[in-house]
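Hi everyone, thanks for making time for this. I'd like to walk you through one protein model, so please have a look at it with me.

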Amino acid sequence: MRKHSALLICAIFSLSFVLSSCVVSEKLSLNRATDGKSHVDISVDDFFVGVVEDLSNWDDKGNNDPILDVAVQDFENNLRASKVTSGIRFIETGHNTYMGDFSFSDFNQLLVDLSKGVPDQSIVTLTEKNGRTHVEININMDNFKQLTTIIPFLGDPNFEVYGPLYNHDLTKAEYLEMVSFILGEQCPDSIEKSSVKIQVVAPQAITAHNGKIRNSKTVEFSFPLIDFLLLHEPIRFYLEY
């Protein structure tokens, strides 16, 4: 099995790597207007790659390329389809590891493009008021379907059954017991070791946030993958500058 990735704008889209011991980190740098750049690092273990291949109908589609390679290529193609992106470059840096870079000239338009033209997505928002800029990431049960539009992988019948739409009412212990029975005893430990990390670099000093401050202009957000798979509570991060 291979891997999947994507963006928060970018980092959120990194949630495509759902299901096992993986670390997805995103560094999103915003300029004073709505332009900026993104750097993504992805590392996924062999167990996850095996699970995805076992669950998918990849071979049925007549494509023998590694599923991770295709997933990264699909995301790269989606970025290239947007008129507000440039400098797009994704490379394989090692075994089951990738890094990628791209720039964007209009943050909000990029979100629209990645959500297939839906103008009112509520997962990532950037608003300006009284000279301040507010950036917010909010994933919850009410808007999760929007995320499957941005990341079709999450809505694939082979994987959807392991996400929050099917498992929101399970406890963590019940969920881990379920995946252990279906996917193997290694799966719970792999899931618990998985995390998503998002680092945002603002163009000026950050005045409010609910993450971990790295310096006056940089804040880091992170959450365990299990929190995303169950969504017992909304995943919400914000910063202002």
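What does the accessible surface of the protein come to, and what share of it belongs to carbon and sulfur atoms? The accessible surface is about 11,000 Å², and 47% of that belongs to carbon and sulfur atoms. Those areas come from the Shrake-Rupley method with a 1.4 Å probe, and for residues only the protein chains shown count as cover.

A quick word on ground rules. This is a predicted model, where local features need pLDDT of at least 70 and side-chain atom pairs count only at pLDDT 80 or more, while totals for chains, interfaces and linings use all residues. Residues are numbered from 1 along each chain as its sequence is written, and side-chain values use heavy atoms, leaving out hydrogens and water.

Now the overall picture. The protein has 9 helices and 11 strands; these are DSSP runs numbered from the N terminus, with helices (H or I) of at least four residues and strands (E) of at least two. There are 241 residues, of which 51% count as buried. Buried means under 20% relative accessible area, exposed means over 50%, and partly exposed is in between, with a 1.4 Å probe and protein chains only. Among contacts with a separation of 6 or more, 62% come from residues 24 or more positions apart, a contact being heavy atoms within 4.5 Å.

Let's go inside. The largest nonpolar core has 54 residues, and Leu30, Tyr175, Phe228 and Leu239 touch the most other members. By nonpolar core I mean a set of buried Ala, Val, Leu, Ile, Met, Phe, Trp, Tyr and Cys residues joined through side-chain atoms within 4.5 Å. Helix H9, residues 225-230, gives the most to this core, with 5 residues. If you click on Leu30 and skip residues up to four places away in sequence, its partners include Phe104, Phe107, Leu126, Val135 and Tyr241.

On to charges. Side chains of opposite charge can pair when their charged atoms come close. The structure holds 6 salt bridges, each a side-chain nitrogen of Lys or Arg within 4 Å of a carboxyl oxygen of Asp or Glu. Here are three of them.

Glu76 pairs with Arg80, with the closest N and O atoms 2.8 Å apart. The two are separated by about one helical turn because they sit 4 residues apart in helix H2, residues 67-81. Glu76 is buried at 10% relative accessibility, whereas Arg80 is partly exposed at 46%.

Next, Glu136 and Arg236 meet at 3.0 Å, N to O. Glu136 lies in strand E6 and Arg236 in strand E11 (residues 235-240), so this pair ties together parts 100 residues apart in sequence. Glu136 is buried at 15% relative accessibility, and Arg236 is partly exposed at 38%.

Then there is Glu192 with Lys172, at 2.9 Å between the closest N and O atoms. Glu192 is in helix H8 (186-192) and Lys172 in helix H7 (172-183), so the pair links parts 20 residues apart in sequence. Glu192 counts as partly exposed at 44% relative accessibility, and so does Lys172 at 39%.

Last stop: where is Asn143? Asn143 is in the loop between strand E6 (132-139) and helix H4 (144-150). Asn143 counts as buried because its relative accessibility is 4%. Its side chain makes a polar contact of 3.3 Å with the side chain of Ser122. A polar contact is a pair of N or O atoms within 3.5 Å; within protein, one must be able to donate a hydrogen and the other to accept it, and residues adjacent in sequence count only if both atoms are side-chain atoms. Leaving aside neighbours within four places in sequence, Asn143 is in contact with Ser122, Ile123 and Asn138.
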